[in-house]
Amino acid sequence: MSTTTHTRPSPAAPWRSAFESHMSEMPSPEFVFATLHSSPDSKTPTPYVPRLRFCIYRGMWSQLPENKHNDAPKNPRVYDSDLPTFTTDVRMQKVGELFGSSAGKASKDEQVQGSGGGGPCEAVFWIKEKGMQWRMKGTAFIVAPDIEGPEESSGVRTVKSEIGGRMRVVEGGEEKEGEWSWGTELTGHFGNCSPGMRGSWRNPPPGTPVKGEPDKDHQLGQKVTDLHDPIARSNFRVVVIKPDEVEATDISNPETARRRKYTFVADAQDGKGEWTEEELWP
């Protein structure tokens with residue numbers, strides 16, 4: 001396994017159990033994901049404008065959801081985290097936005113092809129049946145095929161530091177740390193998608209004009225069964241949300257409605273920390 005910064009066994013975030021319970025009860029765990037896009041008007045006093053879209057929650061990083069149809073190799077049970085994930089296409093605007101609004105402010109297309117990012121984001125989940133809203137505020141990072149290789153880019157090092165710092169070794173996991181692989185986890189997420197979903201990473205470039213027929217390698221409606229399909233895998237990415245603040249608003253009963261705010265307080269020296277909890281009016 002490539003170098004990963006992580007913490008020793010520690011309890012999960014205090015909001016984790018309720019959040020995952022609500023996700024498991026949703027027919028489709030959809031949520032709104034917001035990023036910052038560079039303003040198209042150079043004269044505006046605001047350098048960024050918001051961009052939102054619906055995404056599908058894919059479980060917590062390092063805790064790949066079970067899927068009997070997934071034939072990809074699995075990592076041993078070594079780590080746990082409170083870092084929600086979803087999948088995307090590198091050609092989508094959200095990827096460039098997470099790079100462009102990050103500390104590195106990457107703007108060129110070639111600068112956003114690998115792992116990295118770290119721009120600010122928000123994610124909002126509405127569980128109608130429970131009368132619950134979850135809002136997460138933090139940063140998001142991109143895991144790309146270069147996450148494991150002979151050389152580590154600055155983006156790879158950033159991801160492994162920022163995400164690895166929130167990964168906890170589970171009880172008894174120390175003995176298998178050397179067997180855990182970032183690349184295996186990435187492939188596992190690809191395998192957890194249906195063949196039709198995997199085929200979407202062979203679609204024509206998203207958001208480009210429809211002019212004539214696309215080339216034979218980029219067609220709509222393809223089904224991909226090869227876990228290492230070169231075209232689909234070159235476009236496939238996993239986005240990992242690193243929340244610093246989580247709000248759970250319960251309005252199921254108007255007479256007892258409450259909002260709970262959880263804030264991650266990091267240690268100034270090593271970046272580790274703990275979650276605080278505060279009860280608020282909704």
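Below are my notes, going from the whole chain down to single residues.

**Entry 1: the whole chain**

I started by noting that this is a predicted model. I then looked up the secondary structure, and the protein chain comes to six helices and 10 strands. Next I checked the overall dimensions. A compact globule with 282 residues would have a radius of gyration near 19 Å, and the protein chain agrees, with 19 Å. The C-alpha atoms fill a box of roughly 60 × 55 × 40 Å along the principal axes.

I also asked how much of the chain is buried: 46% of the 282 residues count as such. For the surface, I noted that the protein chain exposes about 14,700 Å², with 50% of it supplied by carbon and sulfur atoms. Then I turned to contacts between residues at least 6 apart in sequence, and found that 66% of them join residues at least 24 apart.

**Entry 2: the cores**

In soluble globular proteins, nonpolar side chains tend to be buried together. With that in mind I looked for the largest nonpolar core, which has 33 residues. I listed the residues with the most contacts inside this core: Trp15, Phe19, Phe31, Phe33, Phe125 and Trp134. Which elements give two or more residues to this core? I found helix 1 (16-25), helix 2 (93-100), strand 1 (30-38), strand 5 (116-127), strand 6 (132-143), strand 8 (236-250) and strand 9 (258-266). Strand 6 provides the largest share, five residues.

Leaving out residues up to four places away in sequence, Trp15 touches Met60, Asp82, Trp134, Met136, Pro243, Val246, Tyr262 and Trp275. Apart from this core lies another one of 25 residues, and I noted Ala72, Ile147, Val169 and Trp180 among them.

I took helix 2 to begin with, and it is mostly covered, with six of its eight residues buried. Those are Lys94, Val95, Glu97, Leu98, Phe99 and Gly100. I looked up what they pack against, and the answer is strand 1, strand 2, strand 4, strand 5, strand 6 and strand 8.

In helix 3 (residues 154-162), I found Gly155, Val156, Val159 and Lys160 buried. Seen down the axis of helix 3, these buried residues fall within an arc of 130°, so they line one face of the helix. An α-helix has 3.6 residues a turn, so residues three or four places apart point the same way. The buried residues of helix 3 pack against strand 5, strand 6 and helix 4 (182-191).

Nine of its 10 residues are buried, so helix 4 is largely enclosed by the rest of the structure. At the start of helix 4, I saw a side-chain oxygen of Ser181 reach to within 3.1 Å of the backbone nitrogen of Gly183.

Where is Asn75 placed? I found Asn75 in the loop between strand 2 (48-56) and strand 3 (79-80). Its relative accessible area is 17%, and because the cut-off for buried is under 20%, Asn75 counts as buried. I went on to its partners: the side chain of Asn75 makes a polar contact with the side chain of Glu185 at 2.8 Å. A polar atom of the Asn75 side chain also lies 2.8 Å from the backbone oxygen of Ser181. Beyond four places in sequence, Asn75 touches Glu179, Trp180, Ser181, Thr184 and Glu185.

Ser81 lies in the loop between strand 3 and strand 4. Is Ser81 buried or exposed? I read a relative accessible area of 0%, so Ser81 is buried. A polar atom of its side chain lies 2.6 Å from the backbone oxygen of Trp61. Among the residues that Ser81 touches, I wrote down Arg16, Met60, Arg166 and Arg168.

My last stop was Ser28, in the loop between helix 1 and strand 1. At 28% relative accessibility, Ser28 counts as partly exposed. I also looked up Ser28 and Tyr57, which are 29 residues apart along the chain, and their C-alpha atoms are separated by 8.5 Å.

Methods:
Residues numbered from 1 in each chain as written. Predicted model: local features only at pLDDT ≥ 70, side-chain atom pairs only at ≥ 80, totals over all residues. Heavy atoms only, no water. Core = buried A, V, L, I, M, F, W, Y, C linked by side-chain atoms within 4.5 Å. Buried < 20%, exposed > 50% of the residue type's maximum accessible area, 1.4 Å probe, protein only. Helix = DSSP H or I, 4+ residues; strand = E, 2+ residues; numbered from the N terminus. Contact = heavy atoms within 4.5 Å. Polar contact = N/O pair within 3.5 Å; in protein donor to acceptor, adjacent residues only side chain to side chain. Rg over C-alpha atoms; globule rule 2.2 N^0.38 Å. Areas by Shrake-Rupley, 256 points an atom, 1.4 Å probe, with all protein chains shown as cover. Arc of directions from axis to C-beta.
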